[in-house]
Amino acid sequence: PAGPKLLDVDPEAVARALVASAGRHPEPLRAIAAARTLRRRELARVASADLLGMLDVESVCAALSSVWVAVLQCALEAVIRANTGDDGTVPAAIAVIGMGRLGGWELGYGSDADVMFVCEPVEGVDETRAVKWSVTIAEELRTLVGAPSDDPPLEIDSSLRPEGRNGPLVRTLASYAAYYEQWAQPWEVQALLRAHPVAGDSDLGRRFVVMADRVRYPEGGVSPASVLEIRRIKARVDAERLPRGADPNTHTKLGRGGLADVEWTAQLLQLRHAHAVPALRSASTLQALDAIAAAELMPQSDVTQLREAWLTATRARNALVLVRGKPSDQLPGPGRQLNAVAVAAGWRNGDGSEFLDNYLRVTRRAKTIVNKVFGS
């Protein structure tokens, strides 16, 4: 029967098979092509199980995150192999830090991979040479993984790094530590909440997290001035970031009570309280919400509403990709396409109007709670 075949697959086993298959090819192009083939098969399996109602949205996100990480790991290994000297040595260790939904293990079908690259010179190697080599690795990784193909795109986005797109693509661990200590803007501290090592040197990744913890969970919580600045940025994002022509009521990412609203709310409470509540120290939005409820930082009913909004928006966003075949955040108006999205999202009778009414009701309630937290 189809059920067991679609479900009896451990995402970690898929990831191991993907890395092993790619590892048999010495050239990066061949290795990444092999990884893409297995990724395509896994995407088809997950999407089929999803459409048949066999996987809940959290399992879908975890499986998609797992396969993305496996692609990153095998691509990184292939690029490093191709840039290793004849003596078998490399000038630096390098780790890939997942950010955003990748860091939280909550990727959707259309998500990019937000990452940062950290390196550390091996003993006896000049830092300038180590960083230059590491930048070559990171650039080749982004180019090869993001190359056009028949598969869904694999975009690596590193704009959440210090100084954004203007900052260096790769820094040493010491450079990150110095930057965050002296110059970190509130948005950069907020972005670090979802930082989690996903590929490369595991010891370097672990030490990056130790460094990040000092920044994102400071003693006493972030300053009142930082909280005020994050509220100000949130208001600006609400006013300016929505794409031209988008409907603020039904944009799943940036719309009213959508993904960004819920995530910013959880993150503001993490910044204020995670130093005192260890359970809040999670890169996952859903785990952070559970910890917020357990610590009674918000009424349980409010957390339940936020959780339902996040799951509803994620399910709708995933369904949009399954229906349209490309990343999309905007729900369509009533009609055939909305009915198809309702079916893909598992709505009980595939009625697009009912699905939309429920989406509007759930997100409207969430927005009321978000406004309470942000004081707007």
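Student: At what angle do α11 and helix α15 pack, and how far apart are their axes?

Tutor: In this predicted model, α11 and helix α15 (residues 352-374) pack at an angle of about 35°, and their axes are 10 Å apart. On the α11 side the contact is made by Asp-261, Trp-264, Thr-265 and Leu-268, and on the α15 side by Lys-367, Val-370, Val-373 and Phe-374.

Student: Why is α11 called oblique to α12?

Tutor: The axes of helix α11 (residues 259-273) and helix α12 (residues 285-294) come within 10 Å and cross at roughly 55°. Angles under 35 degrees count as roughly parallel, and 65 to 115 as roughly perpendicular, so α11 is oblique to α12.

Student: What makes the pair of Tyr-176 and Tyr-180 stacked?

Tutor: Their ring centres are 6.2 Å apart, where a pair needs centres within 6.5 Å, and their planes lie at 15°, where under 30 degrees counts as stacked, so the pair is stacked. Both residues lie in helix α7 (residues 173-183), four residues apart, which is about one turn of the helix.

Student: What makes the pair of Trp-347 and Phe-355 edge-to-face?

Tutor: Trp-347 and Phe-355 have 70° between their ring planes, and planes over 60 degrees apart count as edge-to-face.

Student: How do you know whether Trp-347 is buried or exposed?

Tutor: Buried means under 20% relative accessible area, and Trp-347 has 16% relative accessibility, so Trp-347 counts as buried. Phe-355, at 5% relative accessibility, therefore counts as buried too.

How values were computed
Residues numbered from 1 in each chain as written. Predicted model: local features only at pLDDT ≥ 70, side-chain atom pairs only at ≥ 80, totals over all residues. Heavy atoms only, no water. Axes fitted to C-alpha atoms, helices over the stretch in contact; angles between N-to-C directions. Helix = DSSP H or I, 4+ residues; strand = E, 2+ residues; numbered from the N terminus. Parallel < 35°, antiparallel > 145°, perpendicular 65-115°, else oblique. Contact = heavy atoms within 4.5 Å. Phe/Tyr/Trp six-rings, centres within 6.5 Å; stacked < 30°, edge-to-face > 60°. Buried < 20%, exposed > 50% of the residue type's maximum accessible area, 1.4 Å probe, protein only.
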